[in-house]
Amino acid sequence: MTRSSQWYGGSDRNAYIHRAWMRRGLPEHAFDGRPHIAIANTASDLTPCNTHLDEVAEHVKRGVWEAGGVPLNLPVVSLGETQVRPTAMLWRNLAAMAIEEMLRANPIDGVVLLGGCDKTIPALLMAGASVDLPAVVVPGGPMLTGHFRGVALGCGTDVWALSEEVRAGTLSRVEFLRSESSMIRSKGHCNTMGTASTMGLLAEVLGMTLPGLAGTPAPDSRLLEGAHETGRLIVDMIAAGRRPSQVMTRSSFLNAVVALAALGGSTNAVVHLLAIAGRLGVELTQDDFDRYGSGVPLLVDLQPAGRFLMDDLYRAGGLHAVLNEVRDLLDPAALTVTGRPLVEHLGEATVHDREVIRPRDKSLREDAGIAVLYGNLAPDGAVIKPAAASPELLRHRGPAVVFDSIEDLHARLDDPDLEVTADSVLILRGCGPKGYPGMPEVSNMPLPAKLLAQGVRDMVRVCDGRMSGTAYGTVVLHVAPEAAAGGPLAKVRTGDMIVLDVPGRRIDVEADLSTREPVTTGFAAPARGWERLYVDTVQQANIGADLDFLIGSSGDRVARESH
C-alpha cells in the first residue's frame, strides 16, 4: 500500500475529506493507490537563478503522469543568494526544516527536488534526508556564458575582479556598469565553478540525480528531457522503496570529496556536505575533505581556479568525463537513484576538449581539494582552497590587520593612513554562524585601495565566515570556533604575527592569547524570531553549521489524523 493511501484509502469521513478537496480536475482513479509525487519547487522571482524551474516542473509532471503517478507541485522556501540580507546561509536550515515538515505532513509517496541557486540544493537534500522518502534531484543548471568587450564573463568571479580594477583605477566605473547587462545572459545559476555548480554536480556524485543530468545548461532542451525522465524515474523508485538513506552512504560522500577536488569546487561544499551527512547519521568529518581530497589532481580548468566556464565543461564531456579520469579513486559500491552504482553509469564517457578537462598527467594542480588547517588560531580547524590561492602565499608570515566587523572593514579598508602592506594578513571576525548571524560570504575581503594601486592582487586573509564559490584568493575561512563562540580569533590584535603554512596544515598567531580578553563588539544579539533560534542553536562550521536539534532524521511517519 502506498503512503498516500493512508490519507485517500477507505470510505470514512477523513478519507472523504482528503479526496474531496483534491477533486479539482483529478479523476477518480487518481486515488486508486497509484503513487502521489510532490515536486518540491524552489522557483521564485526573487531567486533569479531558479525562475525557470516552473517550466522544469511541468516536464517532471509529464514524466510522472506517463509512468502512472500523480504529480503535485509543492512550492517551498526559496533562497536567492544575490538578493536576501544579511546572507542566504542564515535560512538554509530554516528552508530545510520547512521542506522536511511539508514532505512529512502531506499525502505523498516520493518527491522530486528542484533547485539551482546555492542554498536550495543543500536545503532540499537535507530535508529529503531527514524525511527519507524516495527522492531525486533535478539541478536547474548553469546559465550560458555572457561576453563583454569580446571576453567571456564568469558571473561572480568577474564581479570581484572587475570591481577591484575599478578601485585600483584601471577600469572606469562607467565601463564597469556597462558589463552588468552582459554578465547574466540567460536563465540558470552562476556559470563558474561556484557553489551552485558545485552542489548541482555533487548531487549527482552523491547518487541523487538522473545520471548524466547535472551540469546541463539551464536553456538546453536536454534539461527538460532529463526532467521528464526524472518524473518517470521517481515512480520506479517508489515501487522499489529506494530512499536517500540507501543512496547517500559514506562511500557516496567520499566520492563527492574526490569529485570536489577534481572539479575545483567551492569551499561551501564542506559545510553543506557535512550538514547533509549529519541528517543521515553518516560518519563524515571536516578532516575527510583533506584526507581523501587533498591528493586529488585538479582537472577542470574553470573559473575561479582556471579559465573556462560551465557550458565549456558540458561541451567538453561534462561530469562523467571528469569522473572517468579519477575513476580509480571512486568507491565502486556507491549507488545512485537508479539502484545501480555510480561508476556503472560512467560508461565510456570521454573528454572532447583537453584544455577544459585535463588528463591526470597534465593537471592544473597535482594536489587540489580542500586543505584543513589547525593551530592556535583555529583549534577546531579552518579551510583553504589551494587551487584558488597564490602559490607563493601558501607559506606566509606577516602582521595582522584586524577588523572587528564587516562595517569596520568597510569604514577603514581604504583609509590612506591604514598601516598595511602586501605582507600584512587581513583578519575579519564576527562573521561566523553566530556572530553575523549566518556565516556570510565575506571572507574574500577586498584589498586596500592603496595596495591595489601598487599592483597587489592577493593577500592572505583570515575570517570565521565563508566566501562565494565564485571567489578566489589566499583566503583562510570557516575558522572554528568563531570569534562569537569564544574562539581565539576574538583575541587577535593588529600587529600580531600570523603564520600560515598550508603544506604543514597550520594557521597560528605568535602571541600569548591566554592573558587577553576577547573583543565582543559587533556580534549579533537578536531578540526574537528565527535569528534568535538560529544563534541559540547553530553549530560551528567544522560540523556543518546545522541547528543542534535538527541532526539526524525523523522519517516519514505521521502519528495522528487531522480531523
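## Aromatic pairs, a helix proline and the overall fold

Tryptophan 530 and tyrosine 534 are both buried (under 20% relative accessible area; exposed is over 50%, partly exposed in between; 1.4 Å probe, protein chains only). The model is predicted: local features need pLDDT of at least 70, side-chain atom pairs count only at pLDDT 80 or more, and totals for chains, interfaces and linings use all residues. Residues are numbered from 1 along each chain as its sequence is written, and side-chain values use heavy atoms, leaving out hydrogens and water.

**Aromatic pairs**

- A search of the whole structure finds two aromatic pairs. Rings of Phe, Tyr and Trp (its six-membered ring) pair if their centres lie within 6.5 Å; planes under 30 degrees apart count as stacked, over 60 as edge-to-face and the rest as tilted.
- Tyrosine 8 and phenylalanine 31 pair edge-to-face, at 4.8 Å centre to centre and 65° between the planes.
- This pair links distant parts of the chain, 23 residues apart: tyrosine 8 sits in helix α1 (residues 5–8), phenylalanine 31 in the loop between α2 (13–20) and β1 (36–41).
- Tyrosine 8 and phenylalanine 31 are buried.
- Tryptophan 530 and tyrosine 534 have ring centres 6.2 Å apart and planes at 50°, so this pair is tilted.
- Tryptophan 530 and tyrosine 534 are four residues apart in helix α20 (residues 529–537), about one helical turn.

**Proline 122**

- Proline 122 lies in helix α5 (residues 120–131).
- Proline 122 is buried, with a relative accessible area of 0%.
- Proline 122 touches Arg92, Met199, His272 and Ile276, not counting residues up to four places away in sequence. Contact means heavy atoms within 4.5 Å.

**Overall fold**

- The protein has 20 helices and 14 strands. Helices (H or I, at least four residues) and strands (E, at least two) are DSSP runs, numbered from the N terminus.
- The radius of gyration is 24 Å, close to the 24 Å of the globule rule for 563 residues, so the protein is as compact as a globular protein of that length. The radius is taken over C-alpha atoms; the rule is 2.2 Å times the number of residues to the power 0.38.
- The C-alpha trace spans about 80 × 55 × 45 Å along its principal axes.
- Buried residues make up 62% of the 563.
- Of the contacts with a separation of 6 or more, 77% join residues 24 or more positions apart.
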